[in-house]
Protein chains: 2
Amino acid sequence: MNLGDASLNSATVRQASLLAVLDLAVQHGFGHVALWRDVYHDIGPVRARKELDTRGLGISSVCRGGMFPQADHSARRRQAADNRAAIDEASTLGARCLVLVCGGVVGKDMAGARDQIREGLLELAPYAAHAGVRLAVEPMHPMMAADRSAITSLGEANDLVELVGTPEVGIALDAYHVWWDVNVEIETSRAGGRIFGVQVSDWILPINDQLASRGMPGEGCIDLAHFLHQVRATGFCDPIEIEVLNAGNWARPAADVARMAARTMSAL
Amino acid sequence: MNLGDASLNSATVRQASLLAVLDLAVQHGFGHVALWRDVYHDIGPVRARKELDTRGLGISSVCRGGMFPQADHSARRRQAADNRAAIDEASTLGARCLVLVCGGVVGKDMAGARDQIREGLLELAPYAAHAGVRLAVEPMHPMMAADRSAITSLGEANDLVELVGTPEVGIALDAYHVWWDVNVEIETSRAGGRIFGVQVSDWILPINDQLASRGMPGEGCIDLAHFLHQVRATGFCDPIEIEVLNAGNWARPAADVARMAARTMSAL
């Protein structure tokens, strides 16, 4: 892969400040970055945009909005306000999409969580359309159904996006979350032009925690070359993000991790 | 739940010997046990059957056969021989089914793993029929796709069982593996009379490893009452197993763990 078509997700080098992330991206030839909201929190999205522009970097996505299921009405109102703030930030930054981590089960009620996700997304979509920001529903690995997302497969995400039925709501497709699914190829084709963002990392064992046990591309058992072939066949031509959440990497110098990210993405 | 209709899976008290498992089951009122093969390895299935009969205990399942995908032909032949041995043991023990953990990806080839599973199962089924042993395909949680099973949803398992199309091949349904799935209710109904075994544990966080991070029923976020209602609605009236793989519990006295298992199953 030409790194000009790749994006360094800030969570891959979570130990680094925003400016360090941007400089590492430039140094290694990434054409783009993806930013988690915490990384630009201190300097704010306006200045972050200037720093991006100064370096000629694009921004593939902002992470995250979502977390629609909440225990009560006031928590849902607070979350809705935060989601609108995330949309404003993504607009200011010029991101290609805002990734939605939709939120996990509340209590023991998965059906209720899914209802809240659908209702929350339907409420949020017009605001996003007005701001010119695309919302990318990320189906997440089922091991995150309790704490991060009740949307656990690409098929379910496609159903949700089709139900919402507006052009500004699509899919964020991360190989780590969907590689295990017997229907992933069919559902990737079905998602088609609704794929707004694509992320890669690799599946490695053991799982030390459900969030941050991911491997660099090529370290694990996901056939990422095939995955990217399927993605490109849909017409997707935006940057491919490397998002490797790994607690071990976060304890190392960010420069080493960025170098490894660049090397493994080049090899894809 | 009446514990006479419940089964203590030996993996819940993996620190205990076979005789200790059986005595704990009797002491707490379980009408049945389920046995992993390692627990009766030393004394053998013939004597194990006598010890079960002496105590008036039924045996809901033996775990496990499967592991069909292998790197080469000779490894597949060795695995096939071991699967036939597992069938013989289940027959000797009088188990209601042999659970099949079908095996994970080989290299990066999930489609190839699925092909090997289908072919291995088609080859094994006549031997099981001849022995009068039912084979129960266990769809496993997608976080086990790399090392334990490429069959990652109940829908996929139902497709496989229907493809094989013989009455001695059905489903082992474990709430822990399938609770996250938006289609779990539809697919439970579809499985219907092909459900040969049912297991419960609960989903708790964090995941410290992909195998042994499970909670006792009621400790986590799975609506087990609803799950069992769905299962009973299919006509399933065999024992419900408690199978809680938890590394922390395994470091405690088996008697304490068995007491907790009995209490949480009674409360279901």
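This is a short tour of a predicted model, going from the relation of the chains to their aromatic pairs and then to one helix.

Start with both chains in view. Chain A can be laid on chain B by a turn of 180 degrees and a shift of 0.0 Å along the axis, with an RMSD of 0.0 Å. That is the relation of a two-fold axis. Select Asn208(A): of the residues of chain A, its C-alpha comes closest to the rotation axis, at 2.4 Å. The copies meet through the same surface, because 100% of the interface residues of chain A are also interface residues in chain B.

Next, show the aromatic rings; the structure holds five aromatic pairs over all chains. Select Trp180(A) and Trp180(B), an edge-to-face pair with 5.5 Å centre to centre and 80 degrees between the planes. This pair crosses between chains, each Trp sitting in the loop between α6 and α7 of its chain. Trp180(A) is buried, at 2% relative accessible area, and Trp180(B) is buried with a value of 2%.

Stay in chain B and select Trp179(B) and Trp203(B), a tilted pair at 5.9 Å centre to centre and 45 degrees between the planes. The two are 24 residues apart, Trp179(B) in the α6–α7 loop and Trp203(B) in strand β8. In chain A, Tyr176(A), Trp179(A) and Trp203(A) form one aromatic cluster.

Now pick Arg134(A), which lies over the face of Phe196(A), 4.0 Å from the ring centre.

Finish at helix α5 of chain A, residues 154–164, where eight of eleven residues are buried. Among them are Leu154(A), Leu160(A) and Val164(A). The cover includes α4, β5, β6, α6 and α7 of chain A. Gly165(A), with a positive phi near 70 degrees, follows the helix.

Technical notes:
Residues are numbered from 1 along each chain as its sequence is written. Chains are lettered from A and ligands numbered from 1 in the order in which they are written. This is a predicted model: local features need pLDDT of at least 70, side-chain atom pairs count only at pLDDT 80 or more; totals for chains, interfaces and linings use all residues. Side-chain values use heavy atoms; hydrogens and water are left out. Buried means under 20% relative accessible area, exposed over 50%, partly exposed in between (1.4 Å probe, protein chains only). Helices (H or I, at least four residues) and strands (E, at least two) are DSSP runs, numbered from the N terminus. Contact means heavy atoms within 4.5 Å. Copies are superposed by least squares on the C-alpha atoms of residues with pLDDT of at least 70 in both. Rings of Phe, Tyr and Trp (its six-membered ring) pair if their centres lie within 6.5 Å; planes under 30 degrees apart count as stacked, over 60 as edge-to-face and the rest as tilted. A charge sits over a ring if NZ of Lys or CZ of Arg is within 6 Å of the ring centre and within 35 degrees of the ring normal.
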